[in-house]
Amino acid sequence: MLTSHPTPTPGTPPHVTPGTPPHAGPVTIPGPRPAPSPASRGRVLTVGMPGPRLDRLTTTLVSTGHEVRHAVPSQVTRQLQQAPPDAIVALDDDQVRGEVIREVRTDPAGQALPLLVVSAAPGPADVADILRHGADDCVPDTSDPVELSARIEAKLRRVPVPVENLLLDPRTGLYSEPHFRDELDRELGRPAAGRRGGVMALVAVAEMAALETRLGPRVRREVAERLAAVAEKLGSSCDRLGWDDQGRLLVLMPGIEEEAAQRGLERFAAAVAGTRFIVADENVRLTPAIGWTPLAGCADQVQAVRNAADAVAESVSHRDLRPVRYETWMRGTHRRPHAFGVAVRAALSALSPVLVLLAGVAVPFLLYTQTYAMGWDLGSAMYWVVVAGLLVSAVLIVLECFYALDAARRPDGPPQRPDGPAQPYPPASAVIAAYLPNEAATIVDTVESFLRLEYPGELEIVLAYNTPHPLPVEDTLRAMARRDPRLVLLPVSGSTSKAQNVNAAVTRIRGEMVGIFDADHHPAPKSFQHAWHWLSNGYDVVQGHCVVRNGDSSWVARMVAVEFESIYAVSHPGRTRLYGFGVFGGSNGFWRTDLLARTRMHGSMLTEDIDSTMRALAEGARFTVDRTLISRELAPTTVKQLWNQRSRWAQGWLQVSLKHLWRALRSPVFTARQKFGMFVLLGWREAQPWLTLQMLPVLLYSVWKEGGPQNMDWAVPVCLLATLVTLSAGVVQAAFARRLAVPELRRKRGWFWRYMLVSTFFYSHFKNMLARHACLKEALGERQWRVTPRAAKAGDGA
């Protein structure tokens, strides 16, 4: 914005920008100056280092009747504030093009001043560069004094008007902020009966501070123009677009319903994130942070802009491309939760095991007995439903095992990894997402393992981390980054999740391919090389094989080590072949960077990587699983850590199922086979834990109906067969896990035997219990992210 000179020119009307924050004071736009008197053609401030060139310039200006003062580059701002000149003439050098022009144009007193640059021998490229930096004219040292004086006088008679002071930018059609606010006020001033719906949105860019530090304040306008170009392609003719001095895009969408506005803003965010922009001659990715507010709840344009700005601040912290609707809590004016409500929620959470038994056992038992009294034997029918369900689950597990064993090429499934790349190895990036207080003991070891990776192309390792307070390990990491430029440290201030760390990194990375890892992962040396073999041959995401490396730490870690083999060596490859798609794409997942940039991760999802995979699949992305892409990680070592981790996983899967199952079944992108896989993976997965629990009320009902347990026939062949098949599924899965496990774990025969027993008689029921508990937590709105602490390994079982 422009401010007036300390002594305003007579006749210049003050103008207060509508909606100016109270602390900023009035903002005045200077009007045209009267022509200089014949005695003095104007006050000129010359800028340059003392020397012959400056002396010649001063002599020339004085000889043509100008009053001249001088400033070295570092003193321009002080001179502008003490005695503002009528024009500035600067001698060209690298400092003038960068710092001096920026200094003049950043200062409110210098934004509308004529600025001429005198260059020694300006070529066309030099002149263009000087003008792009913000100068009004460029003349050579050899110019005639009369010509130089005439150019200065011409600009004094027609003072340059910054584009933000025009009603519309003549090149882009954008409203300046004051005029946009006027348009917004006019819309809000319409009678309520004649104004239906309507939304005001504000679009910021999460990378703006970094761009401005690197490229100067001119990027604000350029970024707003780039955003506007995308909006105009997607928006309707009634959308009014403007920009403010922070480079944010202002969007007025009158007469639109909130749901339609949300969808339109989502399309806009995806389009921006999926586009590479040229800003200040650099190729950059931008993360749009969109906040919006309904016009119906706004008294005036000041409130509308403030509401949208508060929503933008919330959106910037997540960087997940989702437009954020303004809510009162964003300004801290919401009520605190009532103490009684908090106590009730806490009590319900503590009593969740009892509530699950009531919902899953007591209520069905009462239902069966009451319907029997009415003449309907619902309990007996439910018995066969439960038996059939258990058999189906067991058969699906066994099918996954056999499909995982089939390593040959199949016409109906993904092939083996290609032997070589279809394209040369491009620059690649590794993103390590870390919460340092939990991972300080292991992060240095992790980074060192990444610096030992073998990759034929350029590889950068980005450590995107958050920490609530400085830690000594940060000094160690900074020293490592100084020694090896491949390591890039990216602190993510205010982050509360892995998703926010990954989102912050994805626009900063240079690689065409990006691998995502947790802070305890040690990838195999050629992981990136082999991942590119998949991606260069038409795939968009490839998920690797996570192997536990601290199995000797405890019996819990040993059990998880075998379980990971059953997941990554059996279930993931088997499902991919059986259903024609893969999922996960989180730790040890490799993405095409363009796809991840427009997909992002949503921090509100407890399994953000599975959610991202589902959204990418819905766009038609190709996803595969490769169990030979090994990355070794640390497993939980205590039951409490395991409970917290698996509780988050169970609730995260539930969130994904609720969000994506119905969409997937209706999507034209998926084949019938893939939709069946979606139903099994997202629907049957959530129903099965409750179905297995129905064995209890069904048995209680049978005992009640027969008059006691002594009257029961416990040797029913179908029941015995179903029980045998169900129990054998876990045994078969453990056997296949050992057959397909990495060699160092395959040698641990005792680990697999113990897992087979524990899983069959305890662990499967433990996971089913967690799945049922997750339903209650989701219903109560408990979505707290509990990060599993990473400790240095006590032993190395792998």
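User: How are helices and their axes defined when two helices are compared?

Analyst: Helices (H or I, at least four residues) and strands (E, at least two) are DSSP runs, numbered from the N terminus. Axes are lines fitted to C-alpha atoms, for helices over the stretch in contact, and angles run from 0 to 180 degrees between N-to-C directions. The structure is a predicted model, in which local features need pLDDT of at least 70, side-chain atom pairs count only at pLDDT 80 or more, and totals for chains, interfaces and linings use all residues. Residues are numbered from 1 along each chain as its sequence is written, and side-chain values use heavy atoms, with hydrogens and water left out.

User: At what angle do helix α12 and helix α24 pack?

Analyst: Two packed helices are described by the angle between their axes and the distance between the axes. Here α12 (residues 352-373) and α24 (residues 695-706) meet at about 35°, and their axes are 8 Å apart. On the α12 side, the contact (heavy atoms within 4.5 Å) includes G360, F365 and Y372, while α24 contributes residues including L696, W704 and K705. By class, 11 nonpolar, 2 polar and 1 charged residues make this contact; Ala, Val, Leu, Ile, Met, Phe, Trp, Tyr, Cys and Pro count as nonpolar, Asp, Glu, Lys and Arg as charged, and the others, Gly among them, as polar.

User: In what order do the 5 strands of the open sheet lie?

Analyst: Strands of a sheet pair through backbone hydrogen bonds, either parallel or antiparallel. Two strands are taken as paired if DSSP finds at least two bridges between them. The order in this sheet is β7-β8-β6-β11-β12, with mixed pairing. Because β7 (240-243) and β12 (324-325) are at the edges with a single partner strand each, one side of each has no neighbour in the sheet. Strands β6 (residues 199-205) and β8 (residues 249-253) run antiparallel and are joined by 5 bridges; L202 has L250 of β8 as its bridge partner. Helix α8 (residues 219-234) lies across β6, β7 and β8, at about 165° to β7.

User: Which residues touch the most other members of the largest nonpolar core?

Analyst: In soluble globular proteins, nonpolar side chains tend to be buried together. A nonpolar core is a set of buried Ala, Val, Leu, Ile, Met, Phe, Trp, Tyr and Cys residues joined through side-chain atoms within 4.5 Å; buried means under 20% relative accessible area, exposed over 50%, partly exposed in between (1.4 Å probe, protein chains only). The largest core has 78 residues, and V570, W591, M614, L617, M678 and L682 touch the most other members. Helix α19 (residues 555-579) gives the most to this core, with 12 residues. A second, separate core of 34 residues includes L215 and A261.
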